[in-house]
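User: I would like to learn how to read some features of a protein model. Please take them one at a time.

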Amino acid sequence: MDSKLRRMAILSSMAVILLVAVLVLYTNRDESKGPETVRLQTEQTAEPEETDGQQSTGQIGDDLSAFLKDNTFFDQEVNPILEAAKDESSRLSLIVTSVEKDLRIQIVDKSGEPVTGESFYVSLDGVGEYKDLDRDGVIYIGDLTAGEYFVELLPISGYRVPENETRVRVKDKVEYLAIDDISLLIKTEADIDAQAEDTAVADALTDADKTEIKKLQNTTGNSRVGIDVSKWNGEIDWDRVRNAGVEFAIVRAGYRGSVTGSLVEDPCFAANMKGAAASGVPVGVYFFTQAVNEVEAVEEASVVLQLVKEYSLDYPIFIDTEGAGGNGRADGLDAETRTLVCEAFCRTIENAGYKAGVYGSRNWYNNNLYTDRLDNDYCIWLAEYRSVPLYQGYYQIWQYTSKGKVDGIDGNVDMNISYY
């Protein structure tokens with residue numbers, strides 16, 4: 001074989017050897033990759049391993065709802081934040097107020113709202129234990145000696161009570177200052193039996209005669225003609241009322257229940273105050289009392305002060321001291337106690353920066369109040385239904401009928417002349 005053929009044979013052999021080597025290397029690489037790929041895919045799709053019969057915790061792949069399958073996710077030891085929030089929602093606090101030789105203890109939740117429906121007990125050191133008998137979240141303790149006390153809310157299932165006792169001071173005398181936390185005691189008519197509680201009876205009706213004037217009177221000089229309204233007058237068109245000639249209005253803010261003594265906002269109070277203001281009718285307010293002592297009078301005044309905060313007043317805040325049909329809780333008060341009630345109400349109102357007044361009929365002033373202690377300091381609003389009043393005392397507003405008619409009000413409405 002010549003040299004040329006020999007070189008060609010050698011090159012051909014080397015090419016074959018190289019090709020075989022390349023094929024071997026390629027085959028070995030695929031074989032080594034295949035098992036690893038299969039292993040990784042198996043790891044991604046396999047079910048989580050279990051340890052001691054329990055499923056492991058944590059995120060499972062891209063399943064964002066996997067925690068729902070974790071029975072320990074909401075356990076206290078696993079999620080202390082959730083448990084802390086639960087503990088906070090059941091935490092109770094005490095709000096304690098003293099007016100005169102008494103304590104009113106209110107049990108409230110974390111939002112400051114009274115907790116009702118539970119039979120709470122409190123312990124007053126050196127005195128004894130007291131129960132929330134009507135389960136309204138309020139415990140009242142009277143006839144206490146003035147001084148400092150410690151109040152403890154006793155443990156009750158489902159709630160976390162304060163760890164420390166509450167230190168309080170029982171006042172020796174009424175200070176005639178508004179009670180800051182009175183809003184917790186203000187109820188709506190949805191909370192009570194309004195038919196049984198709202199039972200004021202106009203004593204002036206029994207004293208009326210045939211000369212009673214039932215129309216809107218014409219006034220001269222410094223006098224003004226106006227009306228007084230409450231829920232009994234229903235929805236009022238205040239623009240029509242103003243256009244009819246009404247120059248002022250006295251709006252009922254609320255009343256104390258004649259049976260239970262609940263403090264209740266008149267359901268039409270806000271609507272009447274806003275309606276009168278929008279129509280430019282000057283206003284004052286009144287509150288029907290069933291207070292039996294000075295402490296309750298301060299409470300009633302505090303209610304009114306709370307309710308009128310957002311409104312402007314041009315006329316006084318009156319305590320309405322009528323009877324409640326003979327069965328009201330305050331109907332049997334003697335003249336001294338009733339006068340003290342009126343004085344306590346008015347002093348609390350005036351200490352808050354408002355003008356105060358007293359409403360009553362001629363017979364009521366003559367027989368149930370010591371008017372000489374009232375008419376020099378407070379605005380007297382007389383109810384006497386006749387053309388010329390027989391009352392001999394001093395007064396600044398005269399309610400001359402309960403049977404008036406005014407455009408914008410359905411039915412009868414009380415009418416007044418103000419010399420205030």
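User: Where is Asp 193 placed?

Analyst: This is a predicted model, in which local features need pLDDT of at least 70, side-chain atom pairs count only at pLDDT 80 or more, and totals for chains, interfaces and linings use all residues. Residues are numbered from 1 along each chain as its sequence is written, and side-chain values use heavy atoms, with hydrogens and water left out. Helices (H or I, at least four residues) and strands (E, at least two) are DSSP runs numbered from the N terminus. Asp 193 sits in the loop between strand E10 (186-187) and helix H3 (194-197).

User: Why does Asp 193 count as partly exposed?

Analyst: Buried means under 20% relative accessible area, exposed over 50%, and partly exposed in between (1.4 Å probe, protein chains only). Asp 193 counts as partly exposed because its relative accessibility is 48%.

User: How many residues line the largest pocket?

Analyst: On a 1 Å grid over the protein atoms alone, a pocket is an open set of points where a 1.4 Å probe fits, with protein on both sides within 12 Å along at least five of seven lines; lining residues have an atom within 4 Å of a point. The largest pocket has 33 lining residues, with Asp 134, Asp 136, Val 138, Tyr 140 and Leu 185 nearest its centre. Strand E7 (138-141), E10 and helix H6 (294-307) each give two or more residues to this lining. For classes, Ala, Val, Leu, Ile, Met, Phe, Trp, Tyr, Cys and Pro count as nonpolar, Asp, Glu, Lys and Arg as charged, and the others, Gly among them, as polar. The lining of the largest pocket comprises eleven nonpolar, seven polar and 15 charged residues.

User: Which residues lie nearest the centre of the second largest pocket?

Analyst: They are Ala 202, Trp 232, Tyr 286, Glu 322 and Asp 414, from a lining of 24 residues. By class, the lining of the second largest pocket holds twelve nonpolar, six polar and six charged residues.
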